[in-house]
Amino acid sequence: MRVLRILLPATVIALLSPFLSFAATPSFDCTKAKSSVETLICTDQELAKLDREVARLFVLVRDGLRGTPRLPELIGTQRGWIRARDDCWRHSDARVCVIESDAIRIQELREQYPDARSRDSEGISKGPMIVECPDFDSFIGATFIQADPPIVFLRWGDVNRLVLTLGPSGSGARYVGKDHSNREVVFWDRGPEALLELPGRNQLMCQVKQLG
């Protein structure tokens, strides 16, 4: 039997929020949700899980930066990220937009601040790993997030950002997604090795290394 999922736009969910039973527990109080996107997060276990991870990393970094000049910068970028995430109600698929926004912020915190990588056993993310591909002109950062389905966030250069989700595979972890031109990208994680399939290029054989 086929199961059809009906996804309500974030704006509709916000209108219904007084009548909803919030089944999820994000990092904020759902009874005080300030935006339609926050209301959406409060109704979705996976979005709430990602939200808690962003908050966990933020607190680790904030506590590590107390008394330093970088603390105001961190708080400013976090507020900017929240505003951008809350604009996901404008997206054709608000849920996908929120997932991508969370993945980007998780990667930013983990890459830019060592304190975010200090207590990984308590969270759902790891990395970024450095992916070195001999036939590629840039290092690639890979951050793994144990969502449902699991996610890998790939970043290289100034503009290349990809959120891939785990798909079926015979061996290893095969992550699949689309680039900005809606072309398929595949990343096979095989422990210390990886295969990367980018549109218009031969398959890249890569090495995965821990960020120092």
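This is a predicted model: local features need pLDDT of at least 70, side-chain atom pairs count only at pLDDT 80 or more; totals for chains, interfaces and linings use all residues.
Student: Where does one start with the chain as a whole?

Tutor: Start with the order of elements. The chain has five helices and eight strands, and from the N terminus they run α-α-α-α-α-β-β-β-β-β-β-β-β. Of the 212 residues, 42% count as buried.

Student: What share of the contacts with a separation of 6 or more comes from residues 24 or more positions apart?

Tutor: That share is 41%.

Student: How are two packed helices described?

Tutor: By the angle between their axes and the distance between those axes. Take helix α3 (residues 45-65) and helix α4 (residues 70-86): they pack at about 165°, with axes 9 Å apart. Angles over 145 degrees count as roughly antiparallel, and α3 and α4 are therefore roughly antiparallel to each other. Their crossing is left-handed.

Student: Which residues of α3 and α4 meet?

Tutor: From α3 come Asp51, Val54, Phe58, Val61, Arg62 and Leu65; from α4 come Arg70, Leu71, Leu74, Ile75, Gln78, Trp81 and Arg85. By class, the residues of this contact are eight nonpolar, one polar and four charged.

Student: At what angle do α3 and helix α5 pack?

Tutor: The angle between α3 and α5 (residues 94-112) is about 20°, and the axes are 10 Å apart. That makes α3 roughly parallel to α5, since the cut-off for roughly parallel is an angle under 35 degrees. The crossing of α3 and α5 is left-handed.

Student: Which residues make the contact of α3 with α5?

Tutor: On the α3 side they are Glu46, Leu47, Leu50, Asp51, Glu53, Val54, Arg56, Leu57 and Phe58. On the α5 side they are Arg95, Val98, Ile99, Asp102, Arg105, Ile106, Leu109 and Arg110. This contact of α3 with α5 has nine nonpolar, no polar and eight charged residues.

Student: That leaves the pair α4 and α5. Is the crossing of α4 and α5 left-handed or right-handed?

Tutor: The crossing of α4 and α5 is right-handed. Their axes come within 10 Å and cross at roughly 165°, which makes α4 roughly antiparallel to α5. Arg70, Leu74, Thr77, Gln78, Trp81 and Arg85 in α4 meet Ser101, Asp102, Arg105, Leu109 and Gln112 in α5. The classes in this contact of α4 with α5 are three nonpolar, four polar and four charged.

Student: Gln78 turns up among the α4 residues. Is Gln78 buried or exposed?

Tutor: Burial is read from relative accessible area, with buried meaning under 20%. Gln78 has 9%, so Gln78 is buried. This residue of helix α4 has a polar contact of 2.9 Å between its side chain and that of Arg105. Leaving aside neighbours within four places in sequence, Gln78 is in contact with Val54, Phe58, Arg105 and Leu109.

Student: What does Leu60 touch, not counting residues up to four places away in sequence?

Tutor: Leu60 touches Asp115, Ala116, Ser118 and Arg119. Leu60 sits in helix α3 and counts as buried at 14% relative accessibility.

Student: Can we turn to the strands? How accessible is Gly167?

Tutor: Gly167, in strand β4 (residues 160-167), counts as partly exposed at 22% relative accessibility.

Student: What is the general rule for phi and for peptide bonds?

Tutor: Most residues other than glycine have a negative phi, and most peptide bonds are trans. Here the bond from Gly127 to Pro128 is cis, with omega near 5°; Pro128 lies in strand β1 (residues 125-132). The bond joining Asp148 and Pro149 is also cis, with omega about 5°, and Pro149 is in the loop between β2 (140-145) and β3 (151-156).

Student: What is phi of Asn182 near?

Tutor: Phi of Asn182 is near 65°, a positive value in a residue other than glycine. Asn182 lies in the loop between β5 (173-178) and β6 (184-190). At 56% relative accessibility, Asn182 counts as exposed.

Notes: Residues are numbered from 1 along each chain as its sequence is written. Side-chain values use heavy atoms; hydrogens and water are left out. Axes are lines fitted to C-alpha atoms, for helices over the stretch in contact, and angles run from 0 to 180 degrees between N-to-C directions. Helices (H or I, at least four residues) and strands (E, at least two) are DSSP runs, numbered from the N terminus. Angles under 35 degrees count as roughly parallel, over 145 as roughly antiparallel, 65 to 115 as roughly perpendicular and the rest as oblique. A crossing is left-handed if the near helix is turned anticlockwise from the far one by less than a right angle, and right-handed if clockwise. Contact means heavy atoms within 4.5 Å. Ala, Val, Leu, Ile, Met, Phe, Trp, Tyr, Cys and Pro count as nonpolar, Asp, Glu, Lys and Arg as charged, and the others, Gly among them, as polar. Buried means under 20% relative accessible area, exposed over 50%, partly exposed in between (1.4 Å probe, protein chains only). A polar contact is a pair of N or O atoms within 3.5 Å; within protein, one must be able to donate a hydrogen and the other to accept it, and residues adjacent in sequence count only if both atoms are side-chain atoms.
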